[in-house]
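Hi,

Here is the structure I promised to pass on. My notes follow below it.

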Amino acid sequence: MRSAKDFFAPLAVGAPQPVREVPARPTRMIHFFDPSNPKMAAKVPDMIGTVDVLLGNLEDAVKADNKLAARQGLVDIAKATDFGPTQLWTRINALDSPWVLDDLTTLVTEIGDKLDVIMVPKVQGAEDIHYIDRLLAQLEAKAGLTRPILVHAILETARGMVNVEEICGASPRMQGISLGPADLAADRKMKTTRVGGGHPGYLVRQDPVDGDIQGQRSTYQQDLWHYTVARMVDACAMHGIYAYYGPFGDIKDVVACEDQFRNAFLLGCVGTWTLHPAQIAIARKVFSPDPADVAHAYRVKAAMGDGTGAVMLDGKMEDDASLKQCLVMVELAQQLGAIDPELGEQYEAARASVADQEA
Ligand SMILES: CC(=O)SCCNC(=O)CCNC(=O)[C@H](O)C(C)(C)COP(=O)(O)OP(=O)(O)OC[C@H]1O[C@@H](n2cnc3c(N)ncnc32)[C@H](O)[C@@H]1OP(=O)(O)O
Ligand SMILES: CC(=O)C(=O)O
Ligand SMILES: [Mg+2]
């Protein structure tokens with residue numbers, strides 16, 4: 001582990017100064033596309049401004065025969081495109097794969113100025129981030145980049161899960177972590193066959209009524225990912241980086257997708273992956289706070305005056321701690337309102353309605 005005094009020193013001569021804080025830019029949906037798929041690639045320019053992040057995926061879901069085409073496709077798209085408000089990310093191949101070294105050297109030297117974040121799959125521990133950190137610094141220096149590329153890890157092995165805190169704190173480049181439920185399930189030997197989401201067999205059952213074990217008893221499906229997401233959120237919050245739900249593979253089940261995204265949002269995640277255009281509106285809806293909640297947050301803020309003490313509002317106690325939760329909501333609404341005019345209007349109406357009541 002580096003000492004505190006040189007944690008923020010560049011790891012190569014000529015590399016850009018590491019960031020001290022992860023820039024707080026909206027990342028509600030990280031939209032995956034395969035740059036080797038001409039139909040998907042053709043849709044990228046029209047998606048700018050409709051998604052917060054476009055991610056050119058080079059890893060799983062890209063056929064082995066298409067790996068080089070995907071890498072080159074991403075270079076071509078990045079060079080030809082002005083991404084405006086939308087961030088460009090990539091997911092490189094795994095660190096033990098034959099492609100990753102060329103992924104990094106090509107992407108950083110050719111389009112490093114366009115890339116905001118590199119997502120690293122199957123991260124096992126801090127040593128994987130340290131490897132990427134030094135290599136990126138060398139490549140950034142070679143490419144003459146003036147801002148550092150940030151790193152996002154996917155939590156998709158049991159070892160990565162156990163080491164999640166050290167992964168989050170391994171480098172100032174760490175932007176965030178996503179859940180990788182498919183690989184994680186396989187690595188843990190969970191007996192599921194899905195990409196994220198729940199399972200009808202994972203449930204609790206109501207106690208027998210009057211001791212009748214065979215009688216009618218309700219069952220309640222449980223969230224398979226609760227422990228994992230909650231632990232990931234704590235590790236990210238502790239290190240000042242962002243947590244994300246990952247993929248929801250049942251594209252047609254938009255209802256369960258929304259539920260899974262909302263569970264993650266409520267637990268502290270700031271965004272999710274979208275694998276198909278149908279999931280973009282769901283992510284936008286879920287990861288943008290409800291204007292009614294924003295209005296409530298403004299009411300608590302107004303009622304709490306200098307922010308200390310306790311007050312009653314609608315029969316409920318509010319105090320310094322509930323105010324802090326409300327300030328999280330207000331800050332998020334202000335960030336999103338600044339980039340999304342429709343939401344901006346709704347959040348401004350929420351703020352103004354409270355200000356009118358106060359006047
Ligand atoms: C466990 C993990 O690692 S998850 C992350 C890796 N997986 C991925 O990245 C998957 C990305 N998504 C996909 O590959 C595709 O969406 C699939 C395979 C799931 C479904 O693809 P399709 O069967 O083509 O879906 P569908 O027919 O509904 O597509 C409708 C249109 O949207 C396009 N489209 C589908 N997905 C995307 C996407 N992610 N981005 C942009 N356009 C897309 C299709 O090309 C199609 O275009 P067309 O109307 O010009 O023909
Ligand atoms: C997200 C991912 O890569 C996985 O679920 O395996
Ligand atoms: Mg995976």
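How do the residues of the shell around ligand 1 divide into nonpolar, polar and charged? There are ten nonpolar, two polar and four charged, where Ala, Val, Leu, Ile, Met, Phe, Trp, Tyr, Cys and Pro count as nonpolar, Asp, Glu, Lys and Arg as charged, and the others, Gly among them, as polar.

Before the rest, a note on conventions: this is a predicted model, in which local features need pLDDT of at least 70 and side-chain atom pairs pLDDT 80 or more, while totals for chains, interfaces and linings use all residues. Residues are numbered from 1 along each chain as its sequence is written, with chains lettered from A and ligands numbered from 1 in the order in which they are written.

Back to the ligand. Of the 16 residues around ligand 1 (C-beta atom, placed from the backbone, within 6 Å of it), F32, K39, A61, P247 and H276 come nearest. The most comes from α1, with three residues; helices are DSSP runs of H or I, at least four residues, and strands runs of E, at least two, numbered from the N terminus.

Next, helix α7 (residues 181-188). Its buried residues are P181, L184 and A185, buried meaning that 20 or more other C-beta atoms, placed from the backbone, lie within 10 Å of the residue's own. They sit on the same side of α7 because they cover an arc of only 100° around the axis, taken from the directions from the helix axis to the C-beta atoms. Just after α7, K189 has a positive phi of about 65°.

Best wishes

Conventions. Buried ≥ 20, exposed ≤ 12 C-beta atoms within 10 Å, placed from the backbone.
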